[in-house]
Amino acid sequence: MERYDGPLDEAVIVALGCNDCGVWRDCREALEAALARFRAEGIDVLARSSWWSSLAWPDPTDPPFLNGVVIVRSDHDPHGLMQALGRIEEAFGRQRHQQNAPRTLDLDLIAYGRLSGDLNGLILPHPRAAERRFVMGPLAEIAPDWEHPHGGRAVDLVDATTVGRDARAV
């Protein structure tokens with residue numbers, strides 16, 4: 001875990017998740033490989049959380065998830081960053097045939113500085129991030145004072161989450 005010491009109003013936050021390790025030994029190895037791929041897409045990791053484990057949602061009989069959060073720097077605008085994240089997901093075999101199905105890699109743009117609202121189909125901050133313990137917990141590790149644009153510090157939002165309440169750092 002590496003805490004973020006930069007300006008929180010400029011933080012670009014990406015959440016990572018995996019519950020199908022694909023060709024990797026396990027989800028931890030898959031997520032580490034994904035982080036290694038960020039640089040090739042022009043994305044620098046400035047801070048990263050520990051990995052968090054949680055049951056799959058909404059179907060807890062699916063394989064459990066491993067999740068984490070990173071704060072990044074990139075010259076990409078929000079849409080360009082989403083395209084870069086999509087290329088990484090695709091390289092890792094991400095399939096989008098069924099909603100909430102097990103996935104080799106899930107990359108979500110949680111926040112892009114203080115941008116807020118619908119940016120031509122990209123909604124920032126991520127509309128469900130504050131509900132998810134597997135996002136707010138890791139974020140609180142590296143940027144506890146980050147303020148959600150709609151209210152609440154990351155460290156305080158952890159206890160208010162309603163999805164993935166079983167999520168724990170591993």
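**Exercise 1. State whether Trp24 and Phe92 are buried or exposed, and then describe how their rings are arranged.**

Solution. Both Trp24 and Phe92 are buried, where buried means under 20% relative accessible area, exposed means over 50%, and partly exposed lies in between, with a 1.4 Å probe and protein chains only. Before going on, note that this is a predicted model, in which local features need pLDDT of at least 70 and side-chain atom pairs count only at pLDDT 80 or more, while totals for chains, interfaces and linings use all residues. Residues are numbered from 1 along each chain as its sequence is written, and side-chain values use heavy atoms, with hydrogens and water left out.

The next step is the ring geometry. A pair of aromatic rings is described by the distance of the centres and the angle of the planes. Rings of Phe, Tyr and Trp (its six-membered ring) pair if their centres lie within 6.5 Å, and planes under 30 degrees apart count as stacked, over 60 as edge-to-face and the rest as tilted. By this rule the count is 1 aromatic pair. Trp24 and Phe92 form a stacked pair, with 4.6 Å from centre to centre and 5° between the planes.

Finally, locate the partners: Trp24 lies in the loop between strand 1 (12-18) and helix 1 (27-38), and Phe92 lies in the loop between helix 2 (78-91) and strand 5 (106-112), so that the pair links distant parts of the chain, 68 residues apart. Helices (H or I, at least four residues) and strands (E, at least two) are DSSP runs, numbered from the N terminus.

**Exercise 2. Describe the surroundings of Val69.**

**Exercise 3. Place His148 in the chain and list its contacts.**

Solution. His148 sits in the loop between helix 3 (133-142) and helix 4 (154-157). His148 counts as buried because its relative accessibility is 9%. Apart from neighbours within four places in sequence, His148 is in contact with Pro125, Ala130 and Leu157.

**Exercise 4. Summarise the chain as a whole.**

Solution. Count the elements, which are 4 helices and 8 strands, and then read their order along the sequence, β-α-β-β-β-α-β-β-β-α-α-β. Of the 170 residues, 49% count as buried.

Conventions
Contact means heavy atoms within 4.5 Å.
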